[in-house]
Amino acid sequence: MNTKITFLGKEFANSIVTASGILGVTGATMVNNVKEKGVGGVTMKSVSVEPREGHPNPTITTGEHFMINAVGLSNAGVENSVKEIKYYKENCQAPLIASVFAGDIKEFGEVTKKISEASPDFIEVNISCPNVEDEFGKPFAADPQLATAVTKIVKENTDIKVIVKLSPNVENIGKIAQAVEAAGADAICAVNTFNGTLIDVRTREFVLHNKFGGVSGPAIKPMAVKAVYDISQAVKIPIIGTGGVTTGQDVLEMMLAGATLVGVGSGVHFGGGKDVFKNMMGEIKEIMEEEGIEDLMEMIGGVKSDD
Amino acid sequence: MKNNSQQPTILPIKKIVQETPAIKTYTFEHKLGAEPGQFVMLWIPRVDQKPISISRQTDSSFDLSVFKVGKATEALFDMKEGDKVGISGPYGRGFNIEPKKNIVLVGGGCGSAPLRMLGEEAEKAGCKVTFITGAQTSKDVLFKDALSDTCITTDDGSAGFKGFTTQKLAEILTENKDTDKVYTCGPEVMMKGVVDVCAKHKISCEISMERYMKCGFGICGQCAVDPLGICICKAGPVFSGEMAAKITEFGQYHRDKAGVKHEL
Ligand SMILES: Cc1cc2nc3c(=O)[nH]c(=O)nc-3n(C[C@H](O)[C@H](O)[C@H](O)COP(=O)(O)OP(=O)(O)OC[C@H]3O[C@@H](n4cnc5c(N)ncnc54)[C@H](O)[C@@H]3O)c2cc1C
Ligand SMILES: Cc1cc2nc3c(=O)[nH]c(=O)nc-3n(C[C@H](O)[C@H](O)[C@H](O)COP(=O)(O)O)c2cc1C
Ligand code: FES
C-alpha cells in the first residue's frame with residue numbers, strides 16, 4: 001500500500017499538510033508536527049515584510065462545529081521567518097510551504113524575494129485573508145485582475161513553485177482559479193475561511209475583538225469540497241484542498257473532489273487532540289485496505305461523474 | 001458550555017479583594033472544575049482576553065488573582081463587583097499532586113497565585129505544605145495568611161526573610177531532608193534558580209511557564225517553545241524540572257505577540 005504523494009515534483013510521506021496559521025509560528029513547532037504528529041508536510045503561518053502584532057484577543061474561538069478567527073495576520077516579519085524556516089530545514093526533510101501576504105502588489109514581490117532566501121519547498125500566496133479588510137480592503141482573491149497581478153509579481157520574484165490560496169467568499173471560484181493559472185500559478189490552495197461573526201447574547205458584544213472573522217472547521221466542509229471540485233473542473237494545476245477536514249474519511253473525500261494534498265487547520269482542535277494526524281492516517285489506511293486501494297494517488301479527482 | 005465550544009461563558013464579578021497595591025483577587029460564582037496550575041482565558045469585552053491562573057477553587061466558585069501590568073489588567077482593575085467578563089477554559093496541564101508528601105511551594109510575586117490553590121488541594125490530599133511567597137517589599141507580598149505554614153521573603157527585608165525565595169528554599173531543603181517535591185511559579189529567572197537548587201538537592205520539581213497566548217487551546221502555535229516545538233497552553237503551562245531542562249529557551253528568551261524573540 002502506498003500513501004506517498006508527489007506534488008509538483010516533490011514527495012510527501014502522505015497527503016496531509018498543516019494549513020497556514022495552525023501550529024506554524026516557529027520552525028520547531030513545524031518539526032514537531034512532522035516528527036511527533038506525522039503530517040506529510042507543513043505550511044507556515046503567513047508572513048509579511050515587517051512584523052505584525054495582529055488584532056487584540058479574542059482572536060480565535062469555537063462553537064460546537066466551527067472555529068472563527070480574526071488573528072489579523074500576526075507574524076514575526078520575513079527576516080525572522082527566514083530563520084525559522086532555516087531551523088526547520090536543518091531538522092526536518094518533509095516539504096515546507098512558506099506562506100506570504102502583503103498589503104499591495106509591490107510588497108508581494110518584496111516579501112516573495114526575501115522568503116525565497118530560506119529556500120522553502122513551495123511558496124503559498126495568501127490573497128484571501130478576510131480578517132484585515134479594515135486595513136487592506138477586499139482580499140485580492142475577490143478580483144480576477146488583482147489575483148492575476150499578484151500571481152505575476154510573485155512568479156517574477158522567485159524560482160520556487162508558487163501556490164495561490166483562494167477565498168471561498170466569491171461568486172465563481174473556478175474563474176479566479178483560471179485567472180491565477182493563466183498568470184503562472186503552479187498550484188492552488190482552497191479554501192481560506194468564510195466571512196462570519198459571533199455575537200455574545202449576555203453582553204450583546206461581538207466576541208471577536210475585530211468584530212468579524214473567518215469561519216473554519218467541520219461546518220464548512222461541504223462548501224470547501226464543492227469549491228475544490230469546481231476548481232478541479234476549471235484548471236489543470238494541482239490543488240491543496242482545505243476546509244473542515246477532521247478525519248481520514250474527510251481527507252479521502254477532499255482528494256476525490258480533486259485535491260492532491262489536503263490541508264488541515266481547525267481539525268487539530270476538532271479531530272481529537274495531538275494524535276489527530278496519526279488517527280487520520282490510521283483511518284485512511286483502513287479504508288484503503290477495505291476498498292483495495294493500492295496507491296493513495298488513485299483517489300485524486302476520483303469522484304464518479306458520468307455526465 | 002458544550003464540548004467543542006471555547007466561546008466565553010459570561011460571569012459577573014462576585015467579589016473583589018485588593019491583595020496588594022498591584023494585585024486584586026476576583027471571585028466568580030461558577031463551578032469551574034479546574035486542576036491546580038490550570039488557567040482560564042479571561043475576556044474583558046472591547047479590551048482583550050488574557051491567560052490567568054486559578055488561585056482558589058471551591059465546589060461553587062473560583063478566584064483569579066491579577067497583577068496590574070498593562071492594558072487588559074488595568075481595564076480589569078477599573079471594573080466593579082457585578083461587572084461582566086467572559087471565561088473560557090480551564091486550559092492546560094496543571095500540577096501533579098501526590099498524596100501524603102512533604103512539599104514546598106515557591107512563589108515569586110503574582111506567581112504565588114496558582115500555588116495557593118495547589119497548596120489548598122495538596123493539604124486536602126494529606127500533604128504537608130510549606131509555602132514560600134516572595135516579593136520585593138512587605139506591601140507586595142501575596143497570600144501571607146492563606147496557608148498554615150507560610151514563609152515570607154522580601155528583597156529588602158521589610159518582612160520575613162531578607163533575600164530571594166531561592167535562598168530560603170536552599171535553607172529549607174538543607175534543614176528538612178524529608179522534602180519530597182518542590183513546585184514553583186514566578187519570574188522565569190527565579191524559577192530557573194529553583195530548578196538549579198532542586199537539582200543540587202536531588203529533589204524533583206514542577207514549574208509553571210508563561211508565554212504569549214492567543215488561542216489558549218493549542219491551535220495557533222503562538223506559545224510554542226524551542227526546541228521541542230510544543231505549546232505551553234496545551235502541553236503546559238506546568239512542566240517537570242526534567243522537561244524544563246529540555247526547553248532550552250526557558251530562562252533565556254521568549255517570543256512576543258508578533259512572534260519576535262526577546263531575551264528575558
Ligand atoms: C498560563 C499563564 C497564567 C497566567 N496567570 C496569571 C495570573 O494568575 N495572574 C496575573 O496577574 N497574570 C497571569 N499571567 C500573565 C498575564 O496573562 C499577563 O500579565 C497579562 O496578559 C498582561 O496583559 P496586559 O494587557 O495587562 O499587559 P500588556 O499590555 O500585555 O503588557 C504590558 C507590559 O507588561 C509586560 N508584561 C506582560 N505580562 C507580564 C508579566 N506577567 N509580568 C511582568 N510583565 C509583564 C509586557 O511585556 C508589557 O511591557 C499568566 C500568563 C500565563 C501565560
Ligand atoms: C487560527 C487560524 C489562523 C489562520 N491563519 C491563516 C494564515 O495566516 N494564512 C492563511 O492563508 N490562512 C490562515 N488560516 C486559514 C486556514 O489555513 C484554512 O484555510 C482554513 O482554516 C480552513 O481550513 P480548516 O477548516 O481545516 O481550518 C487560518 C485559520 C485559522 C483557524
Ligand atoms: S496560545 Fe495558541 S497554541 Fe498556545
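User: Where does T203(A) sit?

Analyst: T203(A) is in the loop between β11 and β12 (212–216) of chain A. One caution: this is a predicted model.

User: Noted. Which residues is T203(A) in contact with, leaving aside neighbours within four places in sequence?

Analyst: I10(B), W43(B) and K84(B).

User: And what does the side chain of T203(A) join in a polar contact?

Analyst: The side chain of D200(A), at 2.5 Å.

User: OK, on to chain A and chain B. How many residues are in contact?

Analyst: 44 residues of chain A contact 38 residues of chain B.

User: How much area do the two chains bury between them?

Analyst: About 3300 Å², with 56% of it on carbon and sulfur atoms. On the chain A side, N57(A), I60(A) and E64(A) lose the most area to chain B. Together those three give 17% of what that side buries.

User: How many salt bridges are there across that interface?

Analyst: The rule finds two between chain A and chain B. One of them pairs R255(B) with E84(A), and the closest N and O atoms are 2.9 Å apart.

User: What about polar contacts across it?

Analyst: 16 residue pairs, both partners at pLDDT 80 or more.

User: Which elements of chain A give two or more residues to that side?

Analyst: α1 (27–35), β5 (60–62), α2 (77–91) and α9 (267–270) of chain A. By class, the chain A side touching chain B has 18 nonpolar, 19 polar and seven charged residues.

User: Switching to sheets. What is the strand order of the open sheet of eight strands in chain A?

Analyst: β3-β14-β13-β10-β9-β8-β7-β4, with parallel pairing. The edges are β3 (16–18) and β4 (42–43) of chain A, and each pairs on one side only.

User: How many bridges link β3(A) to β14(A)?

Analyst: Three, in the parallel sense; β14 of chain A covers residues 261–264. Within that pairing, I16(A) is opposite V262(A).

User: Which helix packs on the sheet there?

Analyst: Helix α8 (residues 248–256) of chain A. It touches β3, β13 (239–242) and β14 of chain A. The direction of α8 makes about 135 degrees with that of β14(A).

User: Now chain B. What is the order of its open sheet of four strands?

Analyst: β2-β3-β7-β6 of chain B, with antiparallel pairing. β2 (15–20) and β6 (56–57) are the edge strands, each pairing on one side only.

User: How many bridges join β3 and β7 of chain B?

Analyst: Six. β3 (residues 23–28) and β7 (residues 62–67) of chain B run antiparallel. One bridge there puts Y26(B) with L64(B).

User: What is phi of L73(A)?

Analyst: Near 55 degrees, a positive value in a residue other than glycine. L73(A) lies in the loop between β6 (67–69) and α2 of chain A.

How values were computed: Residues are numbered from 1 along each chain as its sequence is written. Chains are lettered from A and ligands numbered from 1 in the order in which they are written. This is a predicted model: local features need pLDDT of at least 70, side-chain atom pairs count only at pLDDT 80 or more; totals for chains, interfaces and linings use all residues. Side-chain values use heavy atoms; hydrogens and water are left out. Two strands pair if DSSP finds at least two bridges between them. Contact means heavy atoms within 4.5 Å. Axes are lines fitted to C-alpha atoms, for helices over the stretch in contact, and angles run from 0 to 180 degrees between N-to-C directions. Buried area is the accessible area (1.4 Å probe) that two parts lose on being put together, summed over both. A salt bridge is a side-chain nitrogen of Lys or Arg within 4 Å of a carboxyl oxygen of Asp or Glu. A polar contact is a pair of N or O atoms within 3.5 Å; within protein, one must be able to donate a hydrogen and the other to accept it, and residues adjacent in sequence count only if both atoms are side-chain atoms. Ala, Val, Leu, Ile, Met, Phe, Trp, Tyr, Cys and Pro count as nonpolar, Asp, Glu, Lys and Arg as charged, and the others, Gly among them, as polar.
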